[in-house]
Amino acid sequence: MKIFESFVDLINDKSFIKNNIAFIPTMGHLHAGHMSLIKNAENFSKNILVSIYVNEAQFNDPRDFENYPRTLEEDIQKLRDTKCKFLITPKEYEIKNISKAFDPSLEPKKITEILCGKYRPGHFLNVMDIVHRFFQILNPKYAFFGKKDMQQLMVIKELIKLKNYPIEIIPCETIRDANGLAMSSRNTLLSPDERMESSILFESLSKSKQLFGLKKNENEIIDIIKNDFESSRLDLEYFEILNLPSITSPNGAELYAFISAHCGKIRLIDNMLIGR
Ligand code: AMP
């Protein structure tokens with residue numbers, strides 16, 4: 001694996017292959033979720049490129065940005081055990097210099113202002129901006145995103161449509177720990193007890209799926225889940241059930257439950273397909 005801190009150096013390097021790039025953007029502190037994206041990419045191309053960039057603009061709370069775990073040396077070691085060919089750890093000034101910003105007037109507010117967007121104003125616009133910049137610079141053939149961040153995936157799909165990018169977005173399954181908690185770089189900021197209790201997110205999603213199967217209506221399900229949180233140390237931010245265009249079949253629709261909760265200062269999100 002070759003490592004670059006500059007896109008210009010990467011693109012001008014004679015070993016760099018511009019075609020068929022399988023691109024996996026990350027913010028680092030790599031875990032099994034990221035690894036599964038890389039594994040998935042192996043099915044599409046040998047030309048796998050991972051980026052590690054903690055995009056300050058998409059953080060709403062400066063302390064969250066400061067505290068975001070940064071473990072580049074360990075990440076590099078992990079990547080060396082995969083088929084990743086190139087790692088880029090770019091710098092903000094270069095990204096801004098060699099790419100154009102996403103036009104904010106194009107923001108698809110129907111998607112960016114619901115769910116997490118209600119609580120994180122500007123977050124998804126800044127996600128669109130950075131991914132738009134990376135896509136301009138790299139022009140990948142494939143880009144891999146986790147379903148764990150389903151709203152982000154929806155936003156990126158919209159970016160592809162808006163800018164007509166010839167890039168195939170590959171949604172990847174959520175990887176969870178033994179208790180069902182979705183892997184996240186922020187999980188290491190939880191104490192062992194907090195981590196155990198945070199499995200209430202997965203339990204709530206699983207329960208809502210079960211209740212939906214038992215023909216409970218959406219409002220009943222939402223009330224039951226909200227009630228479960230009364231006795232938890234986690235604070236529920238939202239639990240919502242939404243009908244979305246299917247991410248796997250272009251004609252179908254899928255019912256997803258979305259959840260966000262705070263465990264102390266750490267904000268956790270998850271979602272699950274609960275019906276069709
Ligand atoms: P992040 O480093 O958190 O920005 O995540 C980089 C990519 O990995 C995003 O596409 C995430 O959706 C994906 N990802 C993060 N956690 C998981 C997980 N537990 N399972 C699958 N994909 C994940």
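**Around the ligand**

Reply: Sorted by class, the shell around the ligand is made up of seven nonpolar, seven polar and three charged residues. Please keep in mind that this is a predicted model.

Me: Which residues come nearest to the ligand?

Reply: There are 17 residues around the ligand, and those that come nearest are Met27, His34, Asp149, Ile175 and Met183.

Me: And what does His34 do there, in terms of atoms and distances?

Reply: One polar atom in the side chain of His34 lies 2.8 Å from an oxygen atom of the ligand. There are backbone atoms to mention as well: an N or O atom of the Gly146 backbone is 2.9 Å from an oxygen atom of the ligand, while for Ile175 a backbone N or O atom lies 2.9 Å from a nitrogen atom of the ligand.

Me: How much of the ligand's accessible area does the protein cover?

Reply: On its own the ligand has 480 Å² of accessible area, and the protein covers 93% of that.

Me: Which elements give two or more residues to that shell?

Reply: Those elements are strand S2 (22-26), helix H2 (32-42) and strand S5 (142-146). The most comes from H2, which gives three residues to the shell around the ligand.

Me: Let's stay with H2 then. Which of its residues are buried?

Reply: In H2 the buried residues are Gly33, His34, Leu37, Ile38 and Ala41. Because they cover an arc of only 145° around the axis, they are on the same side of H2.

Me: What do those buried residues pack against?

Reply: The buried residues of H2 pack against S2 and S5, and also against strand S3 (48-52), helix H4 (72-80) and strand S6 (168-172).

Me: New topic: is Ser204 buried or exposed?

Reply: Ser204 is buried, since its relative accessible area is 2% and the cut-off for buried is under 20%. Ser204 has its place in helix H11 (residues 200-213).

Me: What is Ser204 in contact with, leaving aside its neighbours within four places in sequence?

Reply: With those neighbours left aside, the contacts of Ser204 are Ile225, Phe229, Phe239 and Ile259.

Me: Last one for now: what about Leu106, where is it found?

Reply: Leu106 is found in the loop between helix H5 (92-98) and helix H6 (109-112), and at 30% relative accessibility it counts as partly exposed. If residues up to four places away in sequence are not counted, Leu106 touches Leu162 and Lys163.

Me: And how far is Leu106 from His132, in sequence and in space?

Reply: Leu106 and His132 are 26 residues apart in sequence, and in space they are 12 Å apart, taken from C-alpha to C-alpha.

Note on methods: Residues numbered from 1 in each chain as written. Predicted model: local features only at pLDDT ≥ 70, side-chain atom pairs only at ≥ 80, totals over all residues. Heavy atoms only, no water. Near = heavy atom within 4 Å. Polar contact = N/O pair within 3.5 Å; in protein donor to acceptor, adjacent residues only side chain to side chain. Areas by Shrake-Rupley, 256 points an atom, 1.4 Å probe, with all protein chains shown as cover. Helix = DSSP H or I, 4+ residues; strand = E, 2+ residues; numbered from the N terminus. Nonpolar A, V, L, I, M, F, W, Y, C, P; charged D, E, K, R; others polar. Buried < 20%, exposed > 50% of the residue type's maximum accessible area, 1.4 Å probe, protein only. Contact = heavy atoms within 4.5 Å. Arc of directions from axis to C-beta.
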